[in-house]
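Me: I have a chain open here and would like to talk through how its parts sit together. Could you go through it with me?

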Amino acid sequence: MPPTTRRTRTWPFHALAAALVIAGLLTPHALLVAAGLILAGSVALRPSSAR
């Protein structure tokens with residue numbers, strides 16, 4: 001039996017990251033795109049102990 005894991009709600013952070021990327025693409029601004037990608041990556045790659 002696999003160990004029990006606790007799920008957290010990360011969808012607000014992913015939605016914010018997607019909004020930053022879309023805003024950066026609509027207004028050609030590379031810093032918004034980079035901020036969205038960094039936020040999405042940091043949320044997705046959090047250590048499992050912190051989840």
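Me: Among contacts between residues at least 6 apart in sequence, what share joins residues at least 24 apart?
Reply: Bearing in mind that this is a predicted model, 33% of the contacts in the chain between residues at least 6 apart join residues that are at least 24 apart in sequence.

Me: And what does the secondary structure come to?
Reply: The chain has 2 helices and 0 strands; helix H1 covers 11-26, and helix H2 covers residues 30-44.

Me: How much of the chain is buried?
Reply: Buried residues account for 14% of the 51 residues in the chain. As for the surface, the chain exposes about 4300 Å², and carbon and sulfur atoms supply 71% of that area.

Me: Let's take H1. Which of its residues are buried?
Reply: The buried residues of H1 are Ala-17, Val-21 and Gly-24. Looking down the axis of H1, these buried residues fall within an arc of 65 degrees, so they line one face of the helix.

Me: Why would residues spaced like that point the same way?
Reply: An α-helix has 3.6 residues a turn, so residues three or four places apart point the same way.

Me: What do the buried residues of H1 pack against, then?
Reply: They pack against H2, while the face of H1 turned away from its buried side carries the exposed residues Trp-11 and Leu-26.

Me: Now Leu-20 in H1. What does Leu-20 touch?
Reply: Leaving aside residues up to four places away in sequence, Leu-20 touches Leu-32, Val-33, Ala-35, Gly-36 and Leu-39. The C-alpha atoms of Leu-20 and Leu-39 are separated by 9.2 Å, with the two residues 19 apart along the chain.

Me: Why does Leu-20 count as partly exposed?
Reply: Its relative accessibility is 22%, and because buried means under 20% and exposed means over 50%, a value in between counts as partly exposed.

Me: Switching to H2, which residues are buried there?
Reply: In H2 the buried residues are Val-33, Gly-36, Leu-39 and Val-43. Seen down the axis of H2, they fall within an arc of 130 degrees, so these residues too line one face of their helix.

Me: What covers them, and what is exposed on the other side of H2?
Reply: The cover over the buried residues of H2 includes helix H1, whereas Ala-30, Leu-31, Leu-37 and Ile-38 are exposed on the other side of H2.

Me: How far does H2 reach?
Reply: With 15 residues, H2 reaches 21 Å from its first C-alpha to its last, close to the 21 Å expected at 1.5 Å a residue.

Me: What about Gly-41, how far is it from Ala-17?
Reply: Gly-41 is found in H2 and is partly exposed, with a relative accessible area of 26%. The C-alpha atoms of Gly-41 and Ala-17 are separated by 9.1 Å, although the residues are 24 apart along the chain.

Me: One more: where is Ala-44 found?
Reply: Ala-44 is in helix H2, where its 39% relative accessibility makes it partly exposed. Ala-44 and Thr-10 are 34 residues apart in sequence, and their C-alpha atoms are 8.5 Å apart in space.

Methods. Residues numbered from 1 in each chain as written. Predicted model: local features only at pLDDT ≥ 70, side-chain atom pairs only at ≥ 80, totals over all residues. Heavy atoms only, no water. Helix = DSSP H or I, 4+ residues; strand = E, 2+ residues; numbered from the N terminus. Buried < 20%, exposed > 50% of the residue type's maximum accessible area, 1.4 Å probe, protein only. Contact = heavy atoms within 4.5 Å. Areas by Shrake-Rupley, 256 points an atom, 1.4 Å probe, with all protein chains shown as cover. Expected span 1.5 Å × (residues − 1). Arc of directions from axis to C-beta.
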